[in-house]
Amino acid sequence: MSIVKINVLAVPAEQREVLEQRFASRAGAVENSDGFEWFELLRPIEGTDDYLVYTRWRDEESFKAWMEGPMKSAHQGGGADGGERPKPASSSSAVWSFEVVQQAAPKSE
């Protein structure tokens, strides 16, 4: 079965738009990775300032390969103009890991 990685990002209210714009500009950054199955950026509605970055992978090895390859490359180096890298939009982060034990999809009619 697949695995799920959820990156929990504490994002102050004044940084929400910055975070969402950064994710919008990364379109395609993970979609072509071997073993990648799904991505969602979840915005909090109430009770928390934490955004959830949900990714689903075929297996742990696929996730690790992406972390050590494309993701690592994307988060190194300077900004787009060759200058200093922009400050993170989140004040903290944590990664939660899960195995998919059961799943369901809408029934076809």
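User: Is Trp66 buried or exposed?
Analyst: Buried. This is a predicted model, and in it Trp66 has 16% relative accessibility. The cut-off for buried is under 20%, so Trp66 counts as buried.

User: And what about Trp57, buried or exposed?
Analyst: Trp57 is buried too, with a relative accessible area of 0%.

User: How are the rings of Trp57 and Trp66 arranged?
Analyst: Their centres are 5.4 Å apart and the planes sit at 35°. Stacked needs planes under 30 degrees apart and edge-to-face needs over 60, so the Trp57 and Trp66 pair is tilted.

User: Which residues form the aromatic cluster?
Analyst: Phe36, Trp57, Phe63 and Trp66 make up one cluster.

User: OK, zooming out. How many aromatic pairs in the whole structure?
Analyst: Five, from a search of the whole structure. One of them joins Phe23 and Phe39.

User: What's the geometry for Phe23 and Phe39?
Analyst: The ring centres are 6.0 Å apart, with the planes at 20°. That angle falls under 30 degrees, so this pair is stacked.

User: Where do Phe23 and Phe39 sit in the chain?
Analyst: Phe23 is in helix H1, residues 16-25. Phe39 is in strand E2, residues 36-42. They are 16 residues apart, and the pair links distant parts of the chain.

User: What lies over the face of Phe39?
Analyst: Arg26 does, at 4.4 Å from the ring centre. Phe39 itself is partly exposed, at 23% relative accessibility.

User: New topic: Val30. Where is it?
Analyst: Val30 lies in the loop between H1 and E2. Val30 is buried, with a relative accessible area of 4%.

User: What does Val30 touch?
Analyst: Phe36, Trp57 and Trp66, leaving out residues up to four places away in sequence. Those three belong to the aromatic cluster, which also includes Phe63.

User: How far apart are Val30 and Met71?
Analyst: In space, 7.9 Å, C-alpha to C-alpha. In sequence, they are 41 residues apart.

User: And Met71 to Ala29?
Analyst: Their C-alpha atoms are separated by 8.0 Å. Along the chain, Met71 and Ala29 are 42 residues apart.

User: Which helix holds Met71?
Analyst: Helix H2, which covers residues 60-74.

User: Last one. Is Met71 buried or exposed?
Analyst: Met71 counts as buried, at 17% relative accessibility.

Note on methods:
Residues are numbered from 1 along each chain as its sequence is written. This is a predicted model: local features need pLDDT of at least 70, side-chain atom pairs count only at pLDDT 80 or more; totals for chains, interfaces and linings use all residues. Side-chain values use heavy atoms; hydrogens and water are left out. Rings of Phe, Tyr and Trp (its six-membered ring) pair if their centres lie within 6.5 Å; planes under 30 degrees apart count as stacked, over 60 as edge-to-face and the rest as tilted. Helices (H or I, at least four residues) and strands (E, at least two) are DSSP runs, numbered from the N terminus. Buried means under 20% relative accessible area, exposed over 50%, partly exposed in between (1.4 Å probe, protein chains only). A charge sits over a ring if NZ of Lys or CZ of Arg is within 6 Å of the ring centre and within 35 degrees of the ring normal. Contact means heavy atoms within 4.5 Å.
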